[in-house]
Amino acid sequence: MFMRIDHIAIACHDLEAKIKLFCETFELTVVAREINEEQGVKEAMLKIADGESGSSYIQLLEPLSPDSPVGKFLAKRGEGLHHVAFGVPDVAEAMDKISAKGVRLLDERPRHGSMGSEIAFLHPKDLGGTLTELVQAAAPR
Ligand code: V0V
Ligand code: CO
């Protein structure tokens, strides 16, 4: 069902400072920057590698407000790993399959994610405490 790790996401207070830190430390480059109002985040994608089934990234997240998912996470836990995202060929199909196994979906239908992707989140309490995202990457143009 999974093709790869699409991204691991890190919550931070200061996006620009963390972009600089991660790019310099790991010699990465920013391939996309977006504001996603629906998810309440300002974010950057740093490319790690390209593979046959798609690419992998570090996603850096700064909250747009304190009452957004990332804003609440920072208040409760501080900066750090926020979620892991798995690349899937068909997000709606993966949602159906996973939900049938009793894992709660946080989204009833796929939402818009980074770089034209379709995404959905799974409840951290049903997966050993890790917030998990499914990502169907945009079709290559
Ligand atoms: C909260 N909890 C987490 C967590 N956030 N556990 C692991 N990882 C996280 N990131 C725990 C929290 O400690 C509580 O446990 C429990 O879940 C309920 O949390 P809460 O603070 O009471 O509730 P909320 O209102 O903060 O909701 C938490 C959830 C929410 C996970 C339901 O954050 C959510 O819907 N997230 C999905 C959307 C999202 O995160 N978007 C931003 C990324 P205790 O204390 O009760 O034990 S956007 C993105 O990735 C994009 C656009 C992309 O990739 O393209
Ligand atoms: Co993400």
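This tour moves from the metal site to the aromatic pairs and then to selected loop residues.

The structure is a predicted model, in which local features require pLDDT of at least 70 and side-chain atom pairs count only at pLDDT 80 or more, whereas totals for chains, interfaces and linings use all residues. Residues are numbered from 1 along each chain as its sequence is written, chains are lettered from A and ligands numbered from 1 in the order in which they are written, and side-chain values use heavy atoms, with hydrogens and water left out.

**The cobalt site**

Select the cobalt ion (ligand 2) together with His7 (NE2), Gln59 (OE1), His83 (NE2) and Glu133 (OE), its protein donors, which lie 2.1 to 2.2 Å from the ion. Donors are N, O and S atoms within 2.8 Å of the metal (3.2 Å for Na, K and Ca), and because water is not among the atoms, sites may look incomplete. The arrangement is octahedral because the six donor atoms around the cobalt ion subtend angles of 78 to 170 degrees. Six donors receive that label if opposite donors are over 155 degrees apart and all others between 65 and 115.

Along the sequence, the donor residues follow the spacing H-x51-Q-x23-H-x49-E. Of these, glutamine 59 in strand 4 (residues 54-63) and histidine 83 in strand 5 (residues 80-87) link distant parts of the chain, 24 residues apart. Strands (E, at least two residues) and helices (H or I, at least four) are DSSP runs numbered from the N terminus.

Next, centre the view on glutamine 59. This residue is buried, with a relative accessible area of 5%; histidine 83 is buried too. Buried denotes under 20% relative accessible area, exposed over 50%, and partly exposed in between (1.4 Å probe, protein chains only). The side chains of glutamine 59 and histidine 7 are joined by a polar contact of 2.9 Å. Such a contact is a pair of N or O atoms within 3.5 Å; within protein, one must be able to donate a hydrogen and the other to accept it, and residues adjacent in sequence count only if both atoms are side-chain atoms.

**The aromatic pairs**

The structure holds two aromatic pairs. Select phenylalanine 2 and phenylalanine 86: their ring centres are 4.2 Å apart and their planes at 5 degrees, so the pair is stacked. Rings of Phe, Tyr and Trp (its six-membered ring) pair if their centres lie within 6.5 Å; planes under 30 degrees apart are stacked, over 60 edge-to-face, and the rest tilted. Phenylalanine 2 precedes strand 1 (4-11) and phenylalanine 86 lies in strand 5, so the pair ties together parts 84 residues apart in sequence. Phenylalanine 2 is partly exposed at 42% relative accessible area, as is phenylalanine 86 at 21%.

Move to phenylalanine 22 and phenylalanine 26, a tilted pair with 6.0 Å between centres and 45 degrees between planes. Both belong to helix 1 (residues 15-26), four residues apart, and are thus separated by about one helical turn.

**Loop residues**

Finally, select glutamate 27, in the loop between helix 1 and strand 2 (30-36). Its phi is positive, about 55 degrees, although it is not a glycine. Most residues other than glycine have a negative phi. Glutamate 27 is exposed, with a relative accessible area of 73%.

Methionine 115, in the loop between strand 6 and strand 7 (118-122), also has a positive phi, near 55 degrees. Methionine 115 is partly exposed, at 31% relative accessibility.

Note on methods: Tetrahedral: all angles 85-135°; square planar, octahedral: opposite > 155°, others 65-115°.
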